[in-house]
Amino acid sequence: MLKTDKERIFYQIYPKSFCDSNGDGVGDFRGIISKIPYLKELGINSVWISPFFESPGVDSGYDISDYRAIDPKIGTMEDFEEMVALFHKNGIDVILDFVANHTSTEHVWFQQSKKSKDNPFRDYYIWRKTPPNDWQSTFGGSAWEFDETTGEYYLRTFAKEQADLNWENPNVRKEMQAVVDFWLEKGVNGFRCDVLDLISKDFSSPENGSGPKLHEYIRELFSRENCKNIFTVGECWSAKKENAELFCKKDRKELTTVFAFHHLCLDNGRFCMEKPSLKAVCEKLSKWQKVMSDIGAPATVFLENHDQARSVSRFGDDTKYRFESATALGGLVLLHGGIPFLYQGQEIGFTNSYHQNIAEFDDAETLGYYAIEHGKTDERALMEKINFGSRDNPRHLISWDAERKKSWIAPYSRQGEINVAKDRSAPKSVFAFYQSLIALRKRENCFTEGEFEDVELTDDYYVFKRSLGEKTFFVAFAFGQKCAAPKMENAEVILNNYPSVGDGLMPYQFIVYQKKEKGNR
Ligand code: TEU
């Protein structure tokens with residue numbers, strides 16, 4: 001049983017792509033159930049399960065048409081209840097995705113709302129005679145979609161099939177409270193709240209987000225008695241030093257923590273093909289630790305999720321130093337100062353996938369980008385950008401072995417070379433190193449309750465310190481080049497992703513040192 005949230009080690013499961021138990025090409029609950037022993041062996045103790053609700057699948061499940069119904073391709077309510085019970089039996093907590101900002105336009109609420117201006121559900125969504133601003137959709141085009149039926153525009157921050165809910169309407173807020181309560185009664189332990197900072201809108205602002213009633217709505221929802229002990233993490237792209245305590249200060253009864261994205265926004269957008277410097281990534285992660293530590297809330301630390309390209313391709317080296325960079329990036333997440341969030345397959349060092357033709361891609365954001373850019377630039381260069389940044393990269397079915405299987409999305413292009421079975425039997429196994437990192441984090445409470453401090457951050461390497469009472473650990477992480485080693489006196493090597501420690505650090509070398517305690521120096 002977990003004592004504090006800081007002990008949590010999260011693993012995000014994207015159900016459609018995790019494990020397909022019946023060969024229909026779509027991951028499902030029974031597949032997840034079959035892999036609980038694998039997750040237990042890895043050592044994680046909390047899972048975030050991405051949407052599995054009834055959905056037309058325009059935005060891969062983030063366009064929900066019934067919050068209480070399960071997509072039959074993913075399973076039944078009995079399967080869900082069995083899965084949650086088995087996770088709990090194995091000491092693993094379960095949080096679900098709570099998509100509060102919008103529904104699918106197939107949702108009955110929207111189907112009613114669009115019928116007429118005086119329909120009782122009209123104000124469940126945001127309708128205007130003409131667009132009040134020039135907000136753009138994340139997936140391209142205007143965020144205001146014209147609907148013929150009543151000749152008005154509705155707000156859709158994402159796909160045109162995802163209509164923004166009107167949280168000004170108390171009936172909407174009551175409906176969303178009921179959705180939270182329904183799944184809490186099923187025994188889940190909390191929620192990851194999709195684009196939570198968009199639920200309050202200020203239409204005079206240049207872009208959607210962080211409206212005037214945001215914290216009122218969050219507090220109204222999560223300060224209720226049945227939510228006081230749950231874990232909540234808000235996906236808040238607007239989270240920053242100035243507003244962190246509004247979201248996460250404990251006495252405000254809003255959120256346990258947030259996902260902030262400063263360390264993942266160091267380029268000019270996902271398709272720009274810039275490899276951000278690991279020094280800059282580490283700087284942003286360290287700054288965010290300090291912000292959250294100053295308000296007494298746990299930070300989150302993550303490099304991957306279902307929207308992000310694979311970290312070993314984006315920040316590491318997915319060819320010559322794939323093992324080394326995958327294990328070093330995993331160590332950065334797992335031994336840093338906040339709650340670590342791993343994404344499915346990160347523990348194997350899966351890389352981006354490569355596909356030549358846009359017809360092999362599924363993601364709404366990717367296809368929206370292609371539609372805008374196609375024809376403006378050389379097709380091969382455009383496909384390079386798409387392969388580098390597409391949200392399809394984390395969504396290929398997990399390759400449990402080398403056998404090609406039926407799949408709802410293009411197969412992972414490096415399946416033969418990189419798959420779970422092969423990694424698990426390899427002398428240099430990414431999974432095995434992740435197990436060691438997780439075991440160390442669990443064994444030494446320096447990594448959960450201890451101080452986090454930067455020691456040295458250069459263009460070539462990063463050293464940070466974790467300390468609690470008499471114990472101190474130093475973590476040294478070399479970026480992509482061989483470099484001079486940081487000075488480490490009176491310290492013992494506890495973990496190393498290379499066979500030995502040389503006179504310098506090797507590319508992506510990751511070493512954990514334990515300072516010798518006074519008695520045995
Ligand atoms: O993502 C929020 C979001 O805005 C991302 O789509 C991100 O901005 C974009 O990928 C930047 O390139 C959440 C979910 O995580 C995402 O999967 C959904 O598509 C989106 O909300 C709508 O629900």
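This is a predicted model: local features need pLDDT of at least 70, side-chain atom pairs count only at pLDDT 80 or more; totals for chains, interfaces and linings use all residues.
What radius of gyration would a compact globule with 521 residues have, and what does the protein have? I started my notebook here. A compact globule of 521 residues would come out near 24 Å, and the protein has 23 Å, so the two agree.

**Entry 1: overall build.** I looked up the extent next. Along its principal axes, the C-alpha trace spans about 80 × 50 × 45 Å. I then went through the secondary structure and found 14 helices and 22 strands. For burial, I noted that 60% of the 521 residues are buried. I also checked the contacts with a separation of 6 or more, and 67% of them join residues 24 or more positions apart.

**Entry 2: looking for empty space.** A reminder to myself on the idea: rolling a probe the size of a water molecule over the atoms shows where empty space is left. I took the largest pocket to begin with, and it holds about 980 Å³ of space. I found 41 residues lining this pocket, and Thr138, Phe158, Val195, Trp237 and Glu365 are the closest to its centre. Two elements give two or more residues each to that lining: strand E11 (190-194) and helix H12 (379-389). Sorted by class, the lining of the largest pocket has 13 nonpolar, 15 polar and 13 charged residues.

**Entry 3: the next pocket.** How much space lies in the second largest pocket? I wrote down about 590 Å³. Its lining is made of 25 residues, and those closest to the centre are Asp5, Lys228, Ile230, Lys250 and Thr256. I counted the classes here too: the lining of the second largest pocket has 8 nonpolar, 6 polar and 11 charged residues.

**Entry 4: a stop at Gln136.** Gln136 sits in the loop between strand E7 (127-128) and strand E8 (144-147). Is Gln136 buried or exposed? Its relative accessibility is 51%, and the cut-off for exposed is over 50%, so Gln136 counts as exposed. Which residues does Gln136 touch, leaving aside its neighbours within four places in sequence? I found contacts with Gly141, Ser142 and Ala143. I also looked up the spacing to Leu155: this residue and Gln136 are 19 residues apart in sequence, and their C-alpha atoms are 9.9 Å apart in space.

Conventions
Residues are numbered from 1 along each chain as its sequence is written. Side-chain values use heavy atoms; hydrogens and water are left out. On a 1 Å grid over the protein atoms alone, a cavity is a set of points where a 1.4 Å probe fits but cannot get out, and a pocket is an open set with protein on both sides within 12 Å along at least five of seven lines; lining residues have an atom within 4 Å of a point. Grid points are joined across faces, edges and corners, and a volume is the space filled by probe spheres set on the points. Helices (H or I, at least four residues) and strands (E, at least two) are DSSP runs, numbered from the N terminus. Ala, Val, Leu, Ile, Met, Phe, Trp, Tyr, Cys and Pro count as nonpolar, Asp, Glu, Lys and Arg as charged, and the others, Gly among them, as polar. The radius of gyration is taken over C-alpha atoms; the globule rule is 2.2 Å times the number of residues to the power 0.38. Buried means under 20% relative accessible area, exposed over 50%, partly exposed in between (1.4 Å probe, protein chains only). Contact means heavy atoms within 4.5 Å.
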